[in-house]
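Please keep the sequence and the model side by side while reading.

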Amino acid sequence: MSSSAPETTSIWRRTGAPPEFAPLPGSTSAEVVVIGAGVTGLTTALLLAGSGVQVTLVEAGGIGAGTTGDTTGKVTSQHGMIYRDLIERHGEATARAYGQVNEQAIEQIEALCRTHDIDAGFQRRAAYLYTTAQDRVAELHAEFDAARRLGLPANWVDDPELPFDVAGAVRFDDQAQLHPMDYLAGLAATLAPMPGATVHTSTRAVNVTETDGRVVVTTERGEITADHAVLATLSPITDRGFEFARLSPVRAYGISVAVDDPGFEGMYLSVDDPSWSLRRYDDGRTRQVVVVGGSHPVGRAPKEDGRFELLERFAREHFEVREVTARWSAQDHTAMDRLPFIGRTAFSGHIHVATGFQKWGLSAGTFAAHLLTDLITGRDNPHAATFAPTRLEVTAEATSFLKHNLEVARMFVEDRVRPEAASIDDIPPGQGATVRLGADLVAVSKDHEGNVTRRSATCTHLGCVVRWNRAEASWDCGCHGSRFDREGRVLNGPATTPLRER
Ligand SMILES: Cc1cc2nc3c(=O)[nH]c(=O)nc-3n(C[C@H](O)[C@H](O)[C@H](O)COP(=O)(O)OP(=O)(O)OC[C@H]3O[C@@H](n4cnc5c(N)ncnc54)[C@H](O)[C@@H]3O)c2cc1C
Ligand code: FES
């Protein structure tokens, strides 16, 4: 991150130490290439290797460089206000399947930790969905009714054992929390020595093509030819299936605070506005509360920033905070019909994607790994059609799909004509803004000494205009969620190449 950003590193990155691997040494071949070393990619590679498949995993950064290392670390089937909505959109059978596969993922993660001796602090905990607003109790109760109907372990409780008053809550029993970086470190350490498995970090994939049933993954360090490719990159890096256009990218913020006594044991998510996600993390020396919230669409950070201050204010209002131990942010994508896309991408027989986890990828990404392994090894999976990226939902999805793309088109046009600053002189040290220089719209940032860096303001994915994100000192694209640092290097896809120099 640049010198002008506040230091943003999650508590999991501060306290975890994932193994490191050599970059790809040159062109090679494999049966399957997995791109991305988050929970989805690592679990997929591990399951494939365990099924006797020769698998090569490549990762642009290090293990856990993406969103997984910045999560809240909750492993649960309780994904906010979702089950009533899923029943309405897709019917009871699909909603039940969504709940079941996420429940199974809790068991699968527990089994992986046990079998491979992964010390990731996996702990069974109750997960609560709560409201502090009396006028939301009826809606929350309807969500509880839906979850019960689907056979999920839901109970209505008036007192969710929080150190502040709430109006009502739904408790899901036997859910879990873990240390996400320690979990990824354990998966990677298990995967690397398996027969047929190879792991390469610092290896960015820039293109994936398929010809005559063979896939070629072009990386910055050589090509890998394979029978199948799995794009576990959070946002798929090929445009083949147009998943990017059916996903809404959302950014959220987290802090951890040291306290003497959190006063709670469970994991919590409020349905209020703003919404807060809470859990505790005890590292043996300190007791900490993790608070996550402040979501907004990528590329549309509120101008007044203050996201971290918002979280800290909430923490200080509800807990005796001794110090803020970490602050960070991350993003995830939600599919228009609220079901992840998992499986073969459109117009392809051998390129697979897993995305759209709507901030619940620890469980959903684990399920995705099982489903993709079944698809690649030719095993039947009863959920393949439900989550297929090629599924056709022409009702509610079509409307929001259209709305989303109209919004993208509007941003594209407006940002081109309206720069964020009139001139470079108007940009204060430590900040950035798009500026019109002649015919070009240029992304200009200044470090704290006033040194200027200029890059093209045109996103290298599909040409929308990037905007300055004050909280994180990055260039963010509101169209499909790509982000770049002040030097123009890719922080988040779907873009795979840096902003051009200007
Ligand atoms: C603030 C926040 C809190 C969350 N908390 C929770 C939670 O408590 N529980 C939960 O279940 N979910 C949570 N989520 C959601 C969850 O973290 C994600 O859905 C999940 O981590 C996705 O995992 P992934 O492996 O698919 O993606 P990632 O973890 O993002 O992994 C993708 C990897 O691909 C790599 N990559 C990208 N492009 C390339 C390329 N071109 N070449 C090579 N490598 C590439 C990236 O560097 C990255 O390491 C949260 C999300 C947010 C934003
Ligand atoms: S992310 Fe698609 S145009 Fe920028």
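The buried residues of helix α6 are covered by elements that include α1 (11-15), α2 (39-50), β7 (197-200) and α8 (361-377), where contact is taken as C-beta atoms, placed from the backbone, lying within 7 Å. This is a predicted model, in which local features need pLDDT of at least 70 and side-chain atom pairs count only at pLDDT 80 or more, while totals for chains, interfaces and linings use all residues. Residues are numbered from 1 along each chain as its sequence is written, and chains are lettered from A and ligands numbered from 1 in the order in which they are written.

Because 10 of the 12 residues of α6 are buried, this helix is largely enclosed by the rest of the structure; a residue is called buried if 20 or more other C-beta atoms lie within 10 Å of its own. Among the buried residues of α6 are Pro-180, Tyr-183 and Leu-191.

A nonpolar core is a set of buried Ala, Val, Leu, Ile, Met, Phe, Trp, Tyr and Cys residues joined through C-beta atoms within 7 Å.

| Core | Residues in core | Members include |
|---|---|---|
| Largest core | 118 residues | Val-33, Ile-35, Ala-45, Ala-229 |
| Second, separate core | 19 residues | Ala-457, Trp-475, Phe-484, Val-490 |

Val-33 touches, among others, Thr-56, Val-217 and Ala-229, leaving aside residues up to four places away in sequence.

Elsewhere, three strands form an open antiparallel sheet in the order β18-β19-β20, where strands (E, at least two residues) are DSSP runs, as are helices (H or I, at least four), numbered from the N terminus. β18 (432-437) and β20 (452-456) each have a single partner strand, so one side of each is left without a neighbour in the sheet.

Methods
Two strands pair if DSSP finds at least two bridges between them. Two residues are in contact if their C-beta atoms, placed from the backbone, lie within 7 Å.
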